[in-house]
Amino acid sequence: MFRSPPLTFPNIPALDGLRAVAACLVLIHHGSYGRLPGGWIGVDLFFALSGYLITGILAAELSRTGRIRFGRFYIRRVLRLLPALIATVLLAGLLWPITPFKSPTPSWLEAAAAALFYVANLVPAESLGSLSHCWSLAIEEHFYLLWPPILAVAWRHGGLRLAIVLAVSGMAAVAREIALKFQENI
């Protein structure tokens with residue numbers, strides 16, 4: 001029986017550049033207090049690229065070893081994201097007293113907890129104050145939590161084809177939600 005060689009997933013500098021463009025679009029939008037559009041495009045682009053890159057890394061590992069080392073995967077995510085998040089939460093705490101809020105002053109401790117436990121997308125944005133942008137990080141973390149086991153099960157029971165069908169189906173569902181959200185804002 002012929003077996004294809006294991007997948008490899010090279011570093012693609014152009015994708016890093018696109019992720020930087022996406023992050024800049026978000027920063028420009030927030031820095032202009034919403035007067036300059038483009039933040040949603042940056043978020044959507046960043047989500048799509050992150051999903052592609054994580055799926056490629058996981059598929060390469062599955063191809064090489066037949067499994068995903070979940071502990072290693074999640075530790076790498078924590079080491080990559082948590083230090084910057086902690087710094088952001090602490091800075092927001094320092095600036096909280098002088099931050100203008102659109103609603104009654106939210107509790108910094110509640111907002112910090114929602115950000116640090118990656119549930120900022122599950123609470124009203126008004127209650128997050130200057131940490132309201134953490135909703136996107138929470139969604140990304142939910143993806144990191146759910147996608148690797150789904151991909152591993154799909155790989156085990158149907159191989160690469162089933163994994164690709166699941167990935168494309170997931171992307172189609174997300175694209176539909178984005179389109180519906182866009183129509184609501186028109």
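Leu95 belongs to helix H3, in a model that is predicted. Its relative accessible area is 40%, so Leu95 is partly exposed. Between Leu95 and Ser130 there are 8.8 Å from C-alpha to C-alpha, although the two residues stand 35 apart along the chain.

**Overall make-up**

The chain contains five helices and zero strands. Read from the N terminus, the order of elements is α-α-α-α-α. Of the 186 residues in the chain, 28% are buried.

**Helices H1 and H2**

Helix H1 covers residues 13-31, and its axis comes within 7 Å of the axis of H2. The two axes cross at roughly 150°, and because this angle is over 145 degrees, H1 is roughly antiparallel to H2. The crossing of H1 and H2 is left-handed.

Helix H2 takes in residues 39-65, 27 residues in number. After H2 comes Gly66, with a positive phi near 80°.

Six aromatic pairs are found in a search of the whole structure. Two of them, both involving Phe73, are listed here.

| Pair | Geometry | Centre to centre | Angle between planes |
|---|---|---|---|
| Phe73 and Tyr74 | edge-to-face | 5.1 Å | 75° |
| Phe73 and Tyr144 | edge-to-face | 6.2 Å | 85° |

Phe73 is in helix H3 (residues 70-95) while Tyr144 is in helix H5, so their pair ties together parts that lie 71 residues apart in sequence. For Phe73 the relative accessibility is 5%, and the cut-off for a buried residue is under 20%. Tyr74, with a relative accessible area of 25%, is partly exposed.

Phe73, Tyr74 and Tyr144 also belong to one aromatic cluster, whose other members are Phe70, Phe143 and Trp147. Tyr144 has a further contact, with a charged side chain: the charged end of Arg77 sits over the Tyr144 ring, at 5.4 Å from the ring centre.

Where is Tyr118 found? Tyr118 is in the loop that runs between helix H4 (108-116) and helix H5 (134-185). Its phi is near 55°, which is a positive value in a residue other than glycine. With a relative accessibility of 16%, Tyr118 counts as buried.

Leu137 lies in helix H5. The relative accessibility of Leu137 is 17%, so this residue counts as buried. The C-alpha atoms of Leu137 and Tyr118 are 7.0 Å apart in space, and the two residues are 19 apart in sequence.

Methods:
Residues are numbered from 1 along each chain as its sequence is written. This is a predicted model: local features need pLDDT of at least 70, side-chain atom pairs count only at pLDDT 80 or more; totals for chains, interfaces and linings use all residues. Side-chain values use heavy atoms; hydrogens and water are left out. Helices (H or I, at least four residues) and strands (E, at least two) are DSSP runs, numbered from the N terminus. Buried means under 20% relative accessible area, exposed over 50%, partly exposed in between (1.4 Å probe, protein chains only). The expected span of a helix is 1.5 Å times one less than its number of residues. Rings of Phe, Tyr and Trp (its six-membered ring) pair if their centres lie within 6.5 Å; planes under 30 degrees apart count as stacked, over 60 as edge-to-face and the rest as tilted. A charge sits over a ring if NZ of Lys or CZ of Arg is within 6 Å of the ring centre and within 35 degrees of the ring normal. Axes are lines fitted to C-alpha atoms, for helices over the stretch in contact, and angles run from 0 to 180 degrees between N-to-C directions. Angles under 35 degrees count as roughly parallel, over 145 as roughly antiparallel, 65 to 115 as roughly perpendicular and the rest as oblique. A crossing is left-handed if the near helix is turned anticlockwise from the far one by less than a right angle, and right-handed if clockwise.
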